[in-house]
Amino acid sequence: MLYSLCFLLFMIGLYCVLVKKNMIKIVIGILLMEYAVNLFLVMLGWRKLAEEAVAPIAAGGDLLDKAGTVSQLFVSRAVDPLPQALVLTSIVIGLGSLALMVAICIRIYEKYGTFDITKIRRLKG
Amino acid sequence: MSIPLPLFIALPLASAFLLPLCGKKFKGFASLAATVVIAVLLVMSILSFGRFDVYIVGRWTIPLGINLVLDGLSALMLATISTVSFTAMLFSNRYMEQYTSKNKYLSLFLLMVTGMNGVVLSGDIFNLFVFLEIASIASYALVGFGCEHEELEAAFKYMTLGTVASMFVLFGVGVVYGNTGSLNMAVISRYVAENGINTGLAFALALFTTGFGLKAALVPFHAWLPDAHPSAPAPISAMLSGVLIKALGIYSLSRVIFNVLGISVQISWVLIALGVLSMVIGVFLAVGQWDFKRLLAYHSISQMGYVILGIGMAALILSNGGNPAWASLALLGGLFHLMNHAVFKSLLFLTSGSVEMSTGTRQLKELGGLAERLPVTRSTCTIASAAIAGVPPFNGFWSKLILVIAAVQAGLYGLAAVTVLVSIVTLISFLKVQRYVFLGELPENLKSTAEHRGLMACAMILLAILCVFMGALVIYEPFRVVVLDNAVNALSDGFAYAGKVLSAQILTGQ
């Protein structure tokens with residue numbers, strides 16, 4: 001159910017990209033899509049019973065022996081750490097593309113003096 | 001001799017960040033270093049033909065860590081990427097003198113190569129996404145490199161659609177992870193082979209088709225390409241049309257469909273429909289163009305249609321249980337056309353760059369009679385036009401012939417007819433290019449035009465030689481076995497990919 005809400009947020013972002021005329025609003029739409037995907041990734045590692053879930057860091061009590069074998073209880077309670085790593089990576093990538101996108105917007109504003117994409121139409125055919 | 005696979009990624013990545021350090025004083029050195037790096041990559045990629053190799057990053061074995069896989073298809077893509085980037089780099093040594101800050105250009109160029117090499121070597125879908133973004137972000141910046149009105153507008157359009165495509169891919173990666181619990185292509189492939197495809201994975205497949213389709217500019221998703229490719233500097237147009245849309249779009253799409261999520265009748269019809277739409281719509285839009293580079297860009301869409309059509313026909317034959325020989329033939333045609341298109345389309349973009357640099361315009365109506373003023377450009381452009389139109393004995397003829405034979409053998413006569421028809425329309429539009437650029441009256445203001453020789457001509461001649469002799473890849477048996485058959489088998493093996501990768505991991509003893 002919650003996953004479909006993520007998809008709804010993704011679709012709102014896509015709608016914003018497709019319909020809005022202002023370049024900054026298009027950029028915001030792309031960000032919305034990005035956040036929807038990030039939220040979705042985080043939720044993949046989520047556990048339903050919040051009081052049972054623990055952070056995936058094995059501390060002293062969770063280790064069975066010196067070799068570092070973790071207890072079954074810890075394995076069944078820890079949240080999945082991989083999606084968090086994915087989200088960190090995707091946030092960094094998102095930051096890079098956002099910076100470039102805003103830079104292009106600023107340069108376009110310097111050249112055309114407007115953010116309205118219906119007025120920025122030199123290329124056609 | 002075995003070359004460690006991370007070198008393909010590490011070498012251009014490291015030089016991309018080191019080159020801007022040599023400032024204005026060592027500009028010549030920076031270009032030379034970049035050319036040497038790309039040349040080394042070219043040699044490495046040619047040496048890697050016929051190898052099957054799995055590299056385990058940081059000794060974390062497959063279900064846990066990241067791995068790089070070199071198989072036949074990756075080797076073919078690596079060689080294509082290196083060939084085109086080598087010639088584009090030779091060409092840009094002189095061409096990019098028109099722009100400022102060449103070091104930044106070189107570093108973005110190398111980053112784009114890093115990303116593409118990473119995409120074709122990655123054995124992990126999330127890593128594939130990361131490299132896809134590296135290549136894409138570098139290409140957005142390169143499209144807007146000129147920082148004039150048109151370039152910026154095209155860069156914004158390209159970037160908007162490109163980022164949306166990446167988000168679709170990332171969403172697909174997330175859905176696959178949620179359904180199979182793994183990001184590794186081999187493990188997912190084994191899971192799908194055992195459990196079949198469920199609704200979630202089918203949804204992921206739809207997301208991947210949209211995302212990679214946008215990156216490959218297949219027809220319903222093609223709107224950005226005719227703006228982005230002509231606006232970039234000529235060597236970058238050659239890279240974008242020549243290899244970027246293939247590595248990011250076609251390669252990833254076919255890898256995911258054939259080896260990871262599995263083929264079905266439905267997805268093969270989707271591919272065939274995308275292919276036919278791209279071929280027909282792309283070529284008819286191209287005929288009416290009067291901007292040299294824009295015309296070429298529309299032809300990229302149309303020629304990508306051929307590649308996807310070949311791959312889709314193979315998927316259809318395989319999933320209907322037809323004769324695997326015809327499926328292999330269709331794949332061979334598609335993949336060979338991919339290589340050929342990389343060569344002749346990058347050559348065409350380079351010649352358009354040469355014409356634009358000499359005359360200062362790329363409007364076909366303002367040009368004319370340049371045959372004597374630009375002899376090298378003229379002859380190479382004629383060869384490339386003949387190749388793209390499928391005139392024998394140039395390379396485009398062989399791949400189109402194979403596609404037509406495969407379509408007829410599979411009983412898809414309609415598709416064979418469309419293939420031939422599109423080829424004829426292609427020929428018409430390139431006759432128009434020849435007529436308006438090189439023949440006819442020389443306009444008064446172009447009387448003193450002179451050609452830029454040296455490395456620029458060198459790059460064009462190199463590609464023209466490839467156009468003439470690449471037919472040998474299918475005719476001469478040993479070449480075909482090493483270069484093309486390995487790539488075809490990599491795709492047509494389907495889920496056997498998982499077994500190969502997982503057993504190769506055990507063999508390396510890690």
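**Where chains A and B meet**

Across the interface of chain B and chain A there are 5 residue pairs in polar contact, both residues at pLDDT 80 or more (N or O atoms within 3.5 Å; within protein, one able to donate a hydrogen and the other to accept it, with sequence neighbours counting only if both atoms are side-chain atoms). Salt bridges come to 0 there (a Lys or Arg side-chain nitrogen within 4 Å of an Asp or Glu carboxyl oxygen).

A quick note on the source: this is a predicted model, where local features need pLDDT of at least 70 and side-chain atom pairs count only at pLDDT 80 or more, while totals for chains, interfaces and linings use all residues. Residues are numbered from 1 along each chain as written, chains are lettered from A in the order written, and side-chain values use heavy atoms, leaving out hydrogens and water.

With contact meaning heavy atoms within 4.5 Å, chain B puts in 35 residues and chain A 38. Together they bury about 3,400 Å², 81% of it on carbon and sulfur atoms (accessible area, 1.4 Å probe, lost on being put together, summed over both). On the chain B side, His149(B), Phe156(B) and Phe171(B) lose the most area to chain A, together 21% of what that side buries.

Away from that topic, look at strand E2 (67-70) of chain B, where Asn67(B) and Val69(B) on one side and Leu68(B) and Leu70(B) on the other are all buried (under 20% relative accessible area, 1.4 Å probe, protein chains only; strands are DSSP E runs of at least two residues, numbered from the N terminus).

Note on methods
Buried area is the accessible area (1.4 Å probe) that two parts lose on being put together, summed over both. Buried means under 20% relative accessible area, exposed over 50%, partly exposed in between (1.4 Å probe, protein chains only). Helices (H or I, at least four residues) and strands (E, at least two) are DSSP runs, numbered from the N terminus.
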